[in-house]
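I opened my notebook for a slow walk through one structure. Here is what I looked up, entry by entry.

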Amino acid sequence: MRAKTFTESGRRAQIVTAAIEVIAEVGFAKASFSRIAKHAGLSSTGMISYHFAGKDDLLTACVAEIEQVTEAFMGPRVDAAEGHVAQLRAYVESNVALVGEHPTAVRALIDIVKNGSAQSASVNGRLALFEEHFRTGQAAGVFRPFDPRTVAIALTSGLDAVVVTAAAAATEPPELARIGRELADLYVRATAADPEGA
């Protein structure tokens with residue numbers, strides 16, 4: 001029983017990986033079960049239907065997998081940063097760097113969120129996350145007075161634009177590191193309690 005469970009779990013993961021790679025390559029609209037099955041080396045689409053209730057179920061699993069990859073990459077970097085300003089910088093820089101480290105996952109998530117039915121809790125929750133981060137930072141005196149929600153919207157929108165553009169252009173990691181620093185500098189200066197953003 002244990003071996004069977006492991007085999008089924010492994011097969012499910014194999015299908016999810018193949019789906020993510022296909023979506024990243026050809027887009028959500030063209031990511032048919034037949035294309036995914038062929039990419040995964042499966043004999044038929046029936047194997048996908050056995051493990052997933054439908055395309056929406058498969059997309060939900062893809063998003064969950066990508067969110068795990070994202071958290072594993074960004075989480076330690078943000079957690080290691082001390083203070084509100086350093087955490088803001090770490091989030092922005094690591095989010096941009098993610099494009100170079102996991103380009104397939106990023107491209108797939110962008111397409112799924114834009115065109116698919118599956119939602120990403122981590123993507124959708126960023127606005128509230130940044131809003132709270134700015135509020136607590138203002139209370140601590142490290143951010144200047146501003147409307148936290150408005151600035152959170154501007155930050156997430158700008159960050160998304162940079163990530164989408166970099167992913168489409170297949171930007172190389174060294175250039176992504178530079179872009180990440182520039183973007184982080186911009187947000188730090190814009191929110192800092194003093195004009196220099198120190």
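This is a predicted model: local features need pLDDT of at least 70, side-chain atom pairs count only at pLDDT 80 or more; totals for chains, interfaces and linings use all residues.

**Notebook: a walk through the chain**

Entry 1: I started at Ala 170, which sits in the loop between helix H9 (148-169) and helix H10 (173-191). I looked up its backbone angle and found a positive phi of about 55°, although Ala 170 is not a glycine. I had to remind myself why that deserves a note: most residues other than glycine have a negative phi.

**Entry 2: the overall picture.** Next I stepped back to ask how many helices and strands the chain has. The answer is 10 helices and 0 strands. Read from the N terminus on, the elements run α-α-α-α-α-α-α-α-α-α. The C-alpha trace spans about 60 × 35 × 25 Å along its principal axes.

The chain has 198 residues, and 38% of them count as buried. The chain exposes about 10,600 Å², with carbon and sulfur atoms supplying 56% of that area. For contacts between residues at least 6 apart in sequence, I noted that 68% join residues at least 24 apart. I looked up the charges too: there are 19 positive and 23 negative ones, and their mean positions are 7 Å apart.

**Entry 3: the nonpolar cores.** Which residues have the most contacts inside the largest nonpolar core? This core has 28 residues, and my list reads Val 16, Ile 36, Ile 48, Phe 52, Leu 58, Cys 62 and Ile 112. The elements that give two or more residues to this core are helix H1 (2-26), helix H2 (33-40), helix H4 (55-80) and helix H6 (103-115). H1 gives the largest share, 8 residues.

Setting aside residues up to four places away in sequence, Val 16 touches Phe 52, Leu 58, Ala 61, Cys 62 and Glu 65. I also found a second, separate core of 27 residues, which includes Leu 88, Leu 98, Phe 134 and Phe 146.

**Entry 4: Ala 13.** I stayed with helix H1 for a moment, where Ala 13 is found. Is Ala 13 buried or partly exposed? Its relative accessibility is 42%, so Ala 13 counts as partly exposed. I compared two positions here: Ala 13 and His 51 are 38 residues apart in sequence, and 9.9 Å apart in space from C-alpha to C-alpha.

**Entry 5: salt bridges around Arg 89.** The count of salt bridges comes to 7. I began with Arg 89, which forms a salt bridge with Glu 93, their closest N and O atoms being 3.4 Å apart. Why are these two separated by about one helical turn? Arg 89 and Glu 93 are 4 residues apart in helix H5 (residues 84-101), which means about one helical turn between them. Arg 89 is partly exposed, with a relative accessible area of 26%, and Glu 93 is partly exposed with 26% as well.

Arg 89 has another partner. Its side chain meets that of Asp 185 in a salt bridge, at 2.8 Å from N to O. Asp 185 lies in helix H10 and Arg 89 in helix H5, so this pair ties together parts that are 96 residues apart in sequence. At 27% relative accessibility, I put Asp 185 down as partly exposed.

**Entry 6: another pair.** I moved on to Glu 131, which forms a salt bridge with Arg 149, the closest N and O atoms being 3.1 Å apart. Glu 131 counts as buried at 13% relative accessibility, whereas Arg 149, at 40%, counts as partly exposed.

**Entry 7: a histidine in helix H8.** My last stop was His 133, whose place is in helix H8. Its relative accessibility is 15%, and the cut-off for buried is under 20%, so His 133 counts as buried. Which residues is His 133 in contact with, leaving aside its neighbours within four places in sequence? I wrote down His 84, Gln 87, Leu 88 and Phe 143. Leu 88 was already in my notes, as one of the residues of the second core.

Note on methods
Residues are numbered from 1 along each chain as its sequence is written. Side-chain values use heavy atoms; hydrogens and water are left out. Buried means under 20% relative accessible area, exposed over 50%, partly exposed in between (1.4 Å probe, protein chains only). Contact means heavy atoms within 4.5 Å. Accessible areas come from the Shrake-Rupley method with a 1.4 Å probe; for residues, only the protein chains shown count as cover. Lys and Arg count as positive and Asp and Glu as negative; His and the chain ends are not counted. The place of a charge is taken as NZ of Lys, CZ of Arg, CG of Asp or CD of Glu. A nonpolar core is a set of buried Ala, Val, Leu, Ile, Met, Phe, Trp, Tyr and Cys residues joined through side-chain atoms within 4.5 Å. A salt bridge is a side-chain nitrogen of Lys or Arg within 4 Å of a carboxyl oxygen of Asp or Glu.
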